[in-house]
Amino acid sequence: LTTLAATDVAAWIRRACALVTEQADYLTALDAAIGDADHGANMKRGLTAAVEALGAEPDSPAAVLKQTAMALISKVGGAAGPLYGTFFLRMSTACAKHETIDTAALVDAVEAGIGGIVQRGNAEAGDKTMLDAWYPALEALRADTDGAFAAAVNAAADAAAAGRDATEPMLAKKGRASYLGERSVGHIDPGAASTALIMRALADVVSG
Ligand code: ADP
Ligand code: MG
Ligand code: MG
């Protein structure tokens with residue numbers, strides 16, 4: 001694909017649900033180490049509800065993103081639900097005028113989504129949260145705006161995965177893991193891992 005139409009955004013949400021469902025035990029194991037062992041179940045429940053909310057013929061990218069946000073906010077308890085919900089809601093607002101999303105529009109939408117996570121959760125880069133996967137993904141997208149759409153999205157997915165891995169030595173400053181202090185060091189952040197899956201899902205859809 002060279003841009004994302006509404007049906008492609010819907011395919012993204014379906015693929016994200018499939019990957020998160022496949023990896024739910026892994027996400028939960030990460031959360032068991034530094035949280036309360038529910039991240040896999042939370043994300044699986046939320047994205048399953050998001051997939052159920054998808055219509056047969058989605059109106060626009062913004063409509064799909066908004067439905068997804070609402071499903072995540074209402075179905076996911078805990079920190080990740082409102083944070084991911086806000087991410088998709090801000091993405092939706094940023095895409096309001098677009099029939100299809102190209103690289104520049106995706107950069108704007110992901111940037112807006114990240115802004116929502118920051119506004120809600122007050123975390124910074126290096127605090128060992130999902131932001132440590134989102135920021136590198138955004139940077140990679142931005143670096144590749146002249147290149148092909150698929151290359152940019154694949155680079156962003158790779159960057160999110162590298163960001164996930166880079167959370168391992170970090171000391172958690174936000175969320176449940178921060179209660180552990182030094183004992184949070186040496187574990188990958190579950191939210192950064194789910195963000196990497198969500199970006200991989202987008203790359204899978206774009207690459208066919
Ligand atoms: P809970 O911690 O309430 O059980 P989850 O386990 O579903 O919720 O999600 C935990 C993840 O949420 C963390 O791994 C982290 O990535 C993310 N998170 C928690 N607090 C924040 C925050 N303030 N800003 C950004 N992300 C956060
Ligand atoms: Mg948890
Ligand atoms: Mg919880």
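A nonpolar core, as used here, is a set of buried Ala, Val, Leu, Ile, Met, Phe, Trp, Tyr and Cys residues joined through C-beta atoms within 7 Å. A residue is buried if 20 or more other C-beta atoms lie within 10 Å of its own, exposed if 12 or fewer, and partly exposed in between, with C-beta atoms placed from the backbone. This is a predicted model: local features need pLDDT of at least 70, side-chain atom pairs count only at pLDDT 80 or more, and totals for chains, interfaces and linings use all residues. Residues are numbered from 1 along each chain as its sequence is written, while chains are lettered from A and ligands numbered from 1 in the order in which they are written.

**Stop 1: the core.** Select Ile13, Ala137, Ala156 and Leu202. These have the most contacts inside the largest nonpolar core, a set of 68 residues. Now colour helix 9, residues 190-207. Helix 9 gives this core its largest share, eleven residues. Helices here are DSSP runs (H or I, at least four residues; strands are E, at least two), numbered from the N terminus.

Zoom in on Ala156. Beyond its neighbours within four places in sequence, Ala156 is in contact with Ala137, Ala140, Leu141 and Met199. Contact means C-beta atoms, placed from the backbone, within 7 Å.

**Stop 2: helix 8.** Select residues 149-166. The 18 residues of helix 8 reach 25 Å from first C-alpha to last, close to the 26 Å expected at 1.5 Å a residue. The expected span is 1.5 Å times one less than the number of residues. Its buried residues include Ala152, Ala156, Ala160 and Arg164. The buried residues of helix 8 pack against helix 6, helix 7 (131-143) and helix 9.

**Stop 3: helix 6.** Move to residues 103-121. The end C-alpha atoms of helix 6 are 27 Å apart, which agrees with the 27 Å that its 19 residues should span at 1.5 Å a residue. Among its buried residues are Thr103, Val110, Ile114 and Gly121. Helix 5, helix 7 and helix 8 are included in what covers them. Step on to Asn122, which follows helix 6 and has a positive phi, near 60°.

**Stop 4: helix 1.** Select residues 6-22. Helix 1 has 17 residues and spans 24 Å between its first and last C-alpha, close to the 24 Å expected at 1.5 Å a residue. Trp12, Ile13, Arg15 and Cys17 are among its buried residues. Their cover includes helix 2, helix 3, helix 4 (61-75) and helix 9.

**Stop 5: ligand 1.** Show the 24 residues around ligand 1; Gly78, Ala80, Gly121, Gly175 and Gly191 come nearest. A residue is near if its C-beta atom, placed from the backbone, lies within 6 Å. Which helix supplies the largest share of this shell? Helix 9 does, with three residues. Helix 3 (39-53), helix 5 (80-94), helix 6 and helix 9 each supply at least two. Colour the shell by type: nine residues are nonpolar, nine polar and six charged. Ala, Val, Leu, Ile, Met, Phe, Trp, Tyr, Cys and Pro count as nonpolar, Asp, Glu, Lys and Arg as charged, and the others, Gly among them, as polar.

Stop 6: Find Ala37 between helix 2 (24-34) and helix 3. Ala37 has a positive phi of about 60° although it is not a glycine. With 15 C-beta neighbours inside 10 Å, Ala37 is partly exposed. Next, pick Lys128, between helix 6 and helix 7. Lys128 has a positive phi of about 65°. Is Lys128 buried or exposed? Lys128 is buried, because 27 other C-beta atoms lie within 10 Å. Finish at Gly208, in the segment after helix 9. Gly208 is exposed, with 6 other C-beta atoms within 10 Å.

Technical notes. Two residues are in contact if their C-beta atoms, placed from the backbone, lie within 7 Å.
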